[in-house]
Amino acid sequence: MSDDTKNPTPAESTATAKAVHEQVVAHETGRDASEPPVPRSNQIVKEIFGGSAAISVLAVVLALVFGGILIVLTDETVAQTSAYFFSRPTDMLVAMWDAVAGAYSALFRGSVFNYLRADDLAVAIRPLTETLANATPLIAAGLGVALAFRVGLFNIGGRGQMLIAAAAAGYVGAYIPMPPVIHLIVALIIGLIGGALWGGLVGLLKARTGAHEVIVTIMLNYIAFYLVSFLLRTPGALQAPGQNNPKSGPILDTAQFPPLLGDQYNLNLGFILVIVATIYVWYLLNRSALGFRFRAVGENPNAARVAGIKVERVYVQVMLIAGALVGLAGVYQVLGNFTGGFASGLDASIGFDAITVALLGRSKPWGVFFAGILFGALKAGSYTMQASEGIPVDIVLVVQSFIVLFIAAPPLVRSIFRLPTPDPLFQWRTPKLARKAEVNQ
Amino acid sequence: MSVVTTTREAGSGLAPSALIVRSWKAPIAFAIFSVLGAVLFIALARGGDTTYRLSNDTDAIVLPSIVLPADATGIATVVLMAVIAVYAFVLVRGGSKVPLWLTTLFALLFLVGFLTWAAAGSTVPLVGLLAGALTVSTPLIFGSLGGVISERVGVVNIAIEGQLLAGAFVAALVATFTGSAIVGLLAAMLAGALVSAVLAVFAIKYLVDQVIVGVVLNVLVVGLTSFLYSTVMTGDPDLFNKPERFERIAIPLLSDIPVLGPILFNQTIIVYIMFALVPTVWFALFKTRWGLRLRSVGEHPKAADTVGINVRGTRFWNVLLAGLIVGGGGAFFTLAAIGSFTKEMTNGAGFIALAAVIFGQWNPIRATLAALLFGFATNLQSTLSIVGSPVPSEFMLMLPYLVTIFAVAGLVGFSRPPAASGKPYIKS
């Protein structure tokens with residue numbers, strides 16, 4: 001900590017520059033320098049998502065290295081060979097290489113291309129479709145989290161929004177018979193509305209009472225969980241008739257997402273919907289008036305308010321849309337994934353993974369899309385890793401959280417790889433006026 | 001919004017003294033609960049008697065059981081609650097505040113009425129109920145104490161869950177290795193501090209948003225502990241996951257007090273540490289130089305910096321201290337309550353602790369009371385589900401989270417976090 005005082009970190013110098021900038025602006029415009037500053041959360045969102053793609057790639061590489069270290073440390077062969085390391089060190093090194101190479105080649109086989117079955121193309125490309133299927137809910141939920149991020153809100157409530165959306169869509173899908181196509185559309189829309197309302201509630205509380213959205217979303221996650229658990233064990237609500245398990249009945253055929261590549265693959269209509277959702281979010285943020293207001297509030301709510309944007313209304317609007325997007329993930333889980341009936345664990349921690357997806361994708365729609373595919377690949381591959389190498393799927397959680405930690409702290413990645421402080425990035429962050437002011441001094 | 005603003009101004013003395021701010025929240029809440037009580041206890045009366053068993057047959061002093069007729073008790077409590085509601089209404093109208101003892105009395109009455117109604121026709125083991133509540137509450141109290149310290153110094157601690165889980169895991173592992181529960185407890189504290197250190201480094205040095213770091217740390221700890229549990233612990237449970245447990249220590253004489261004795265004075269050492277810790281943290285926060293500095297850093301870091309307090313250093317070391325406390329609470333899971341580690345065994349306790357911090361208004365004593373309340377609600381649910389209560393258990397489990405939303409939304413009480421909590425300090 002002590003050397004900080006001598007060498008200011010990039011963030012510090014940025015902050016100094018920013019302060020200078022504010023003073024200069026205040027001087028030039030004759031305004032008081034004590035005007036309300038941009039809320040910190042808005043600045044941070046900008047800083048995190050302003051980083052370069054190189055940082056993202058390095059973060060993924062670093063996280064995989066850490067994952068490898070963990071695999072080596074817990075590998076049994078490595079432990080056995082380490083006992084006689086000093087007499088025959090090569091044994092242990094070979095064992096270490098085998099453990100890591102085995103793990104990551106299994107990851108590749110399970111997520112991209114199964115080269116062991118290269119003779120049969122239909123089987124060999126199956127992992128790729130699994131990756132896309134696993135990515136589907138991650139992208140949908142990631143978009144919801146990312147959209148809220150762009151307004152400066154932390155949507156930690158993915159789990160609750162997914163559960164409510166899933167319960168709503170699942171009820172329609174399992175218990176209300178309707179003609180084909182219409183059934184699917186109605187179930188989908190009801191589910192999206194469910195997610196939107198659960199998300200919108202957060203926006204409403206934030207707008208009306210100023211309640212911090214992080215606390216509210218965390219608490220709403222648990223409320224949704226217990227609510228859905230209750231419904232799932234209540235006959236006449238969601239519980240399958242004549243059953244004792246807290247589980248819903250199977251989704252009727254008419255409401256299931258149809259498969260895209262035939263019944264042998266899990267890839268279904270959900271993936272198309274997610275592509276549509278990505279395009280929609282891109283359009284919303286970059287081409288629509290509503291998206292402009294979103295971004296304006298995200299940049300600086302005080303300035304947006306002065307410009308005549310109703311900030312409170314924006315909070316409600318963005319949380320409604322974000323809730324619907326996360327809800328799409330919940331709908332996918334019941335109508336496309338657990339079609340035999342769902343239980344309260346249906347969210348499968350996707351609501352939390354979505355936060356990491358949004359961070360890795362830097363909250364840009366297509367960034368989230370590809371980040372979702374990467375994490376989908378990790379997820380799909382982890383099952384092969386567990387089956388063939390005996391490595392628990394939890395390793396994916398570790399790798400994911402390392403990725404986010406590294407992305408969130410570019411200075412750390414830079415210091416590990418001894419990269420210079422990127423000047424273009426630094427200049428991009430520092431307003432021109434401020435740089436001029438520094439030179440003049 | 002407006003309600004909160006007026007209260008804040010009145011609290012800080014900014015409002016003119018002639019202006020009397022009347023807060024109608026308490027009488028309105030009392031009225032709502034009285035109506036709720038009337039509906040449940042009278043309209044939906046269940047008949048029969050409720051027996052409260054006060055002591056076990058093996059106790060030194062055996063108290064007779066109390067038998068309450070459910071319907072009559074329901075009517076009596078509703079009438080008393082209505083009287084309190086009217087009295088509170090009169091008080092507020094006259095310009096004075098509703099005192100805390102009145103709220104406490106009201107809550108107790110509602111609780112008695114509810115318990116008598118819900119358990120009508122069966123027996124409530126009062127000692128077991130309260131002792132169980134203390135067991136559930138203990139890690140929550142450790143968690144909320146850590147949360148209070150961390151937030152008071154200006155670092156939002158979403159990672160309480162991760163710190164508890166890390167503590168639980170390391171305690172199990174180390175106590176099994178060394179065969180000593182005390183060493184396990186110390187190791188758990190270090191594990192909690194390690195999670196805190198990551199939080200502190202990222203939040204204070206790299207200025208990463210504290211909420212993001214907290215959320216990610218929770219995922220990281222879940223991933224790491226689950227991974228190591230699956231690879232290492234399940235491979236040889238006797239070698240890795242069979243910790244030496246803390247024995248219950250009965251304090252002579254005190255443990256023979258009827259009802260309270262077995263609950264409070266026949267506990268493991270972790271609980272006794274907790275008894276000492278709560279007043280210590282309160283005293284240290286509000287009566288010592290350390291506490292004054294800590295709070296000033298959390299409220300107005302620039303002012304603290306101006307008078308020569310090292311803001312980043314104060315934050316760093318106190319976040320570590322918070323981690324030590326929470327990690328020790330995590331050890332309670334594996335060394336006292338359950339006896340071995342299982343995947344994700346904290347099961348959201350860290351988030352309830354976070355709720356207790358907010359509901360307890362960032363005050364160690366109030367946060368402890370909130371944690372006790374939440375622990376009681378959780379344990380009441382399991383007791384009532386055995387007795388066969390008409391209230392679905394999920395709604396009882398939901399209670400802490402619902403109450404917290406009401407609290408942060410300003411509908412119940414009012415919550416104002418330390419002013420600089422969550423904001424990194426950048427020296428300019």
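Domain bounds here come from an automatic or database domain assignment. For chain B that assignment gives domain 1 (2-125) and domain 2 (138-408). Taken over C-alpha atoms, the centres of domain 1 of chain B and domain 2 of chain B are 29 Å apart.

This is a predicted model: local features need pLDDT of at least 70, side-chain atom pairs count only at pLDDT 80 or more, and totals for chains, interfaces and linings use all residues. Residues are numbered from 1 along each chain as its sequence is written, while chains are lettered from A and ligands numbered from 1 in the order in which they are written.

## Between the domains of chain B

Two residues are in contact if their C-beta atoms, placed from the backbone, lie within 7 Å. The contact between the two domains takes 9 residues from domain 1 of chain B and 9 residues from domain 2 of chain B. Residue classes are simple: Ala, Val, Leu, Ile, Met, Phe, Trp, Tyr, Cys and Pro count as nonpolar, Asp, Glu, Lys and Arg as charged, and the others, Gly among them, as polar. The side of domain 1 of chain B that touches domain 2 of chain B has 7 nonpolar, 2 polar and no charged residues.

## Chain A in outline

Helices (H or I, at least four residues) and strands (E, at least two) are DSSP runs, numbered from the N terminus. Chain A has 20 helices and 0 strands. A residue is buried if 20 or more other C-beta atoms lie within 10 Å of its own, exposed if 12 or fewer, and partly exposed in between; C-beta atoms are placed from the backbone. Of the 441 residues of chain A, 49% count as buried. Take the contacts in chain A with a separation of 6 or more: residues 24 or more positions apart account for 74% of them.

## Where the chains meet

How many residues of chain B are in contact with chain A? The number is 45, and they meet 45 residues of chain A. On the side of chain B that touches chain A, the elements giving two or more residues are α7 (181-205), α8 (210-233), α14 (311-337), α15 (349-359) and α17 (393-408) of chain B. The largest share, 16 residues, comes from α8(B). By class, this side of chain B has 31 nonpolar, 9 polar and 5 charged residues.

A:Thr74 gives a view from chain A. A:Thr74 lies in helix α3 (residues 53-74) of chain A. It counts as buried because it has 20 C-beta neighbours inside 10 Å. Not counting residues up to four places away in sequence, A:Thr74 touches B:Leu228, B:Thr231 and B:Val232. A:Ala99 is 25 residues from A:Thr74 along the chain, and their C-alpha atoms are separated by 9.5 Å.

## Helices

The expected span of a helix is 1.5 Å times one less than its number of residues. Two helices can be set against that value.

| Helix | Residues | First to last C-alpha | Expected span |
|---|---|---|---|
| α6 (160-178) of chain B | 19 residues | 26 Å | 27 Å |

α6(B) is mostly covered, with 17 of its 19 residues buried. B:Gly179 follows α6(B) and has a positive phi, near 70 degrees. Just after α9(A), A:Gly210 takes a positive phi of about 75 degrees.

Next comes a helix pair in chain B. Axes are lines fitted to C-alpha atoms, for helices over the stretch in contact, and angles run from 0 to 180 degrees between N-to-C directions. The axes of helix α11 (residues 269-287) of chain B and helix α16 (residues 364-387) of chain B come within 8 Å and cross at roughly 150 degrees. Angles under 35 degrees count as roughly parallel, over 145 as roughly antiparallel, 65 to 115 as roughly perpendicular and the rest as oblique. α11(B) and α16(B) are therefore roughly antiparallel to each other. α11(B) makes the contact with B:Val278, B:Val281, B:Trp282 and B:Leu285, and α16(B) with B:Pro364, B:Ile365 and B:Thr368. This contact has 6 nonpolar, 1 polar and no charged residues.

## A loop in chain A

A:Arg362 sits in the loop between α15 (350-360) and α16 (365-389) of chain A. Phi of A:Arg362 is positive, near 50 degrees, in a residue other than glycine. A:Arg362 has 21 C-beta neighbours inside 10 Å, so it counts as buried.

A:Ser363 is also in the loop between α15 and α16 of chain A. A:Ser363 is not a glycine, yet its phi is positive, about 60 degrees. With 26 C-beta neighbours inside 10 Å, A:Ser363 counts as buried.
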